[in-house]
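Hello,

Here is the structure I promised to pass on. My notes on salt bridges and helix packing follow below it.

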Amino acid sequence: MEEFFKVIPPGKVLEMTDRFTPVGTELVPLTEALGRVLGNDITATLDLPGFNRSVMDGYAVAAASTFGASDGSPAFLTIKGSIPMGAVPDFDIQRNEAAGIATGGMLPESADAVVMKEHAAPVSKTELEVFKPVAPGGNMVAADEDFKAGDVAVSAGTLMRSQEIGLLAAFGITTVTVYKKPVIGILSTGDEIVSIDKTPPPGHIRDMNTYSLAALVIQSGGTPMNLGVVPDQYEALYGIVANAIKKCDAVVVSGGSSVGTRDYTKKALTALPDAELLVHGVAVRPGKPTMLARVGGKMVWGLPGQVTSAMVVYMMIVRPFVRHIGGNMAITTDIDYVSARIARNVPSVYGRTDFVRVRIEQEKTGSTAWAHPVFGKSGLINTMVQADGLIAIDADSEGINKGDVVNVIKF
């Protein structure tokens with residue numbers, strides 16, 4: 001008789017990410033680095049901005065020249081000249097001297113501050129009144145204030161955003177080493193599953209799982225590979241997974257992960273060469289029969305066949321693993337939370353983590369957001385379509401009460 005699975009907490013499952021090795025790296029143009037994970041530390045090749053730079057339109061000064069200045073007792077400075085944008089000043093600024101400067105201009109030698117033009121007024125072509133003092137370093141950035149040459153500017157494992165791309169452009173970097181996108185094979189199992197381009201006969205259903213999971217893989221930084229649909233046959237499942245593990249960095253099998261005479265996933269996975277079953281049952285709802293095996297160093301997941309359960313398990317448990325092998329070591333990097341109050345009591349069962357679908361409503365901008373639970377029978381995808389995210393009810397809780405503040409994990 002098949003032994004029933006032994007559930008473990010989801011936190012224990014997430015601790016297993018380190019058992020899997022990240023994929024290799026590749027060199028891509030900087031223009032294609034958005035959303036990729038940096039493969040190596042980037043060291044600043046030069047100081048940024050590289051020169052003492054004004055951040056205001058005004059006058060470059062020696063700050064000490066302005067000390068004590070006020071509307072009733074302005075400081076009088078000699079205007080020594082002006083600095084065109086992009087020009088290197090050919091003069092320095094001594095005490096009681098000033099030079100006109102625009103935002104982004106290079107300060108002359110000995111100038112250590114910029115007086116905003118609103119706080120000064122030229123009396124003549126050569127004389128300036130300053131009505132407000134400025135401290136050293138005011139309204140300017142030093143040559144190495146943004147980044148200093150030799151410092152690590154962006155660390156390996158960073159998810160590249162527009163900010164990081166702009167920074168690397170400032171260093172003149174045109175190509176960047178990033179982790180390859182992990183290829184995730186997706187396989188649906190079940191005699192009742194048919195391709196989406198076919199009309200399902202009575203008792204059958206189209207393959208929603210492959211397409212919803214493929215979209216989640218893309219959101220996780222991976223590349224999905226559609227392995228098709230396999231019937232409830234051990235030999236067929238074994239053969240497809242054995243072949244897929246050679247071509248993919250990981251495999252996700254939906255369906256056939258619970259205990260039953262026609263659920264062959266565990267049998268097939270454990271029969272593969274160099275296979276180790278790490279997880280067979282997680283203390284969550286939905287998704288209790290989730291399975292994880294390590295096959296030849298690669299991960300193979302067995303997810304529930306119900307599309308809603310498969311999606312929730314992927315979002316909350318599988319996604320951190322995909323991010324990890326894609327080089328992103330922070331398991332919460334792409335999780336977006338929003339705070340809200342729960343709109344009704346939600347019971348839970350002690351000893352398991354409940355992931356509850358919720359819809360967020362906010363009466364007006366700035367008002368309290370309310371999380372309305374979206375309940376429905378198992379497998380109804382409309383509960384996912386209606387929902388904006390999930391809330392997690394901890395295993396040591398028997399539920400949450402109306403009005404409690406919750407963190408909604410946004411889809």
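Start with Glu276 and Arg19: their side chains form a salt bridge, 4.0 Å from N to O. Bear in mind that this is a predicted model. Glu276 sits in strand β18 (residues 275–280), and Arg19 in the loop between α1 (10–14) and β1 (25–29), so the bridge ties together parts 257 residues apart in sequence. Glu276 is partly exposed, at 39% relative accessible area. Arg19 is also partly exposed, at 42%.

In total, the structure holds 9 salt bridges. Another one joins Asp354 and Arg285, at 3.2 Å from N to O. Asp354 belongs to strand β24 (residues 353–362) and Arg285 to strand β19 (residues 284–285), so this pair links parts 69 residues apart in sequence. Asp354 is buried, with 1% relative accessibility, whereas Arg285 is partly exposed at 42%. Asp354 also pairs with Arg352, where the closest N and O atoms are 2.8 Å apart. Elsewhere, salt bridges link Lys80, Asp92 and Glu97 in a network.

Now the helices. α3 (residues 208–219) packs against α6 (residues 307–325) at about 30 degrees, with the axes 10 Å apart. An angle under 35 degrees counts as roughly parallel, and α3 and α6 are therefore roughly parallel to each other. Their crossing is right-handed. On the α3 side, the contact residues include Met208, Leu213 and Leu216. On the α6 side, they include Val307, Met311 and Arg323. By class, the contact has 9 nonpolar, 3 polar and 1 charged residues.

Best wishes

Definitions and conventions
Residues numbered from 1 in each chain as written. Predicted model: local features only at pLDDT ≥ 70, side-chain atom pairs only at ≥ 80, totals over all residues. Heavy atoms only, no water. Axes fitted to C-alpha atoms, helices over the stretch in contact; angles between N-to-C directions. Helix = DSSP H or I, 4+ residues; strand = E, 2+ residues; numbered from the N terminus. Parallel < 35°, antiparallel > 145°, perpendicular 65-115°, else oblique. Left-handed = near helix turned anticlockwise from the far one by under 90°. Contact = heavy atoms within 4.5 Å. Nonpolar A, V, L, I, M, F, W, Y, C, P; charged D, E, K, R; others polar. Buried < 20%, exposed > 50% of the residue type's maximum accessible area, 1.4 Å probe, protein only.
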